[in-house]
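Colleague: Before we go through the assignments, please show me the model. I will ask what stands behind each term.

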Amino acid sequence: MPLSQKNRFSTGCLYLALLAGGMESVQAQPPITRIPFESSEPGSVAVGFAWRWGDSPYVDVDDIGSIYGNNSSDLVPLYLYEGKRLFAHGTEAGIHMLPDRPVRVDLIARYRLDRLEVEASEFYAGMSDRKQSLDGGVALTLEQPWGTVAFTAVSDLLARHNGEELDLTYLLPLEYGRWTFTPSASLVYQSRDLTDYYFGVSDSEARVDRPAYRPDSALFWRAGLNTSYQLSRNLQLFANVSYTALDETVQDSPLTDRDNLFASFVGGSYTLGNALPKPGEKGTWSYRINAGYTGEATFAKTHTGDLRRYKDLDSSMAGFTIGKLFNDGRRADLWGRISVNRHFQDGYQKDFFEYVAYVMAMGSGYAPWSDRELFRYGFGFGISYAERIPYAERIKQIRHGDEVSHWLNYLEAQVDFPLQNLFGKRAPRDCYIGLSLVHRSGIFGGSDMLGNTDGGSEIVTGHIECKR
């Protein structure tokens, strides 16, 4: 190992040793993507969106937007949960290992947004893409009146860059009424494997104007300012900016033409309710089974009664859903739901499972001048992960020359009727039969986390659901 690399690695280890003495509050995310949600009470659930702008360090690439969606920015869907043990903070999720101790320790998984799309310029012809990845590791935090010190150590979970990163950050939250301003400063160490993946040029990729290059490990600093505004009890807005000074080993790469980077992260989140029952309160749960076929029409058109099967594919789906009541509202109830669906691909490819987490607003219609429930209507949205790309999505995306993704946005509409209204009082109470319309898609092709996918697939299903 070169001397400079040893010195940098030793420096990173020294920071880890200094911080291990005592941590207190969770503060793991990089400041630029930090969302003002970590201080929410355990059980809080929220959703939102953020837009990410920034400079790209690469030659002939002006910004961080994807060429596949012709975007200059990146749209990041935010699905947020702060539990007693589990948490999800947008681009990061994990487990609170020591949530109520002086030493606060989290295991984390964090989305790495770095990437290079070689189709962006002829300069990269003959090279391989540098892909985004998922890093995992440990986070420690110390929160004191004089500020917050956070340390994270992560490594690659997807075996793409196979590197490590150490991050030491100091933050100083300043509150003024509904406003919070948090200046920050970070010192970041990146291992040689990580810098080589994103900024190195192998012998097979080298040419006269792009010579072979093996960067060393990197040690650089970053400064930023996060702002947030509590617009209402449930709605928060935020705007974060940062400046990064790149290490010389990155600046010297033939792939880069910058020595510093500016970035911003702007958005908002809305707290929907609390997933944990209050002391002495019994939570309400729901259980649903549904099954159906791939639809031809778009999600919007299925609402008008267009329930045709997809003409190019005879595939189907069956699923099981568990729901938990978050908020018993006057006009609509708010539910959190988790689904496991099995997709049957009719021999086009192997059958596979899909996993969905989403929230649903559910309202009821009643008979005039009575409390007799006639029907329910619900609309939900969340995130879906499919073990394989549904064949209907492959067909649609190939036709348009677009990308596909295992992770996609999820929409669901549901209408159903009480069984007792249809079959009398002998039917089970609080059970319903009806129709569920399921939709997987990207967000206008503008989200890196959703593969910059534009289209998707629709499933028309029938269901039976009971509350307990």
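Colleague: In which sense do strand 1 and strand 13 pair, and over how many bridges?

Modeller: This is a predicted model, in which local features need pLDDT of at least 70 and side-chain atom pairs count only at pLDDT 80 or more, while totals for chains, interfaces and linings use all residues. Residues are numbered from 1 along each chain as its sequence is written, and side-chain values use heavy atoms, with hydrogens and water left out. Strands (E, at least two residues) and helices (H or I, at least four) are DSSP runs numbered from the N terminus, and two strands pair if DSSP finds at least two bridges between them. Strand 1 and strand 13 (residues 260–274) have 11 bridges in the antiparallel sense, so they pair by that definition. Ala46 stands opposite Thr271 in strand 13.

Colleague: What makes strand 1 and strand 2 a pair?

Modeller: Nine antiparallel bridges link strand 1 to strand 2 (residues 74–82). There, Gly48 is set opposite Leu78.

Colleague: Why is strand 1 called largely enclosed?

Modeller: Buried means under 20% relative accessible area, exposed over 50%, and partly exposed in between (1.4 Å probe, protein chains only). Eight of the 11 residues of strand 1 (residues 44–54) are buried, so the rest of the structure largely encloses this strand.

Colleague: Why is Asp306 called buried?

Modeller: The relative accessible area of Asp306 is 19%, and the limit for buried is under 20%, so the term applies. Asp306 is in the loop between helix 4 (299–302) and strand 15 (316–328).

Colleague: What makes the link between the side chains of Asp306 and Arg308 a polar contact?

Modeller: A polar contact is a pair of N or O atoms within 3.5 Å; within protein, one must be able to donate a hydrogen and the other to accept it, and residues adjacent in sequence count only if both atoms are side-chain atoms. The two side chains make such a contact at 2.8 Å.
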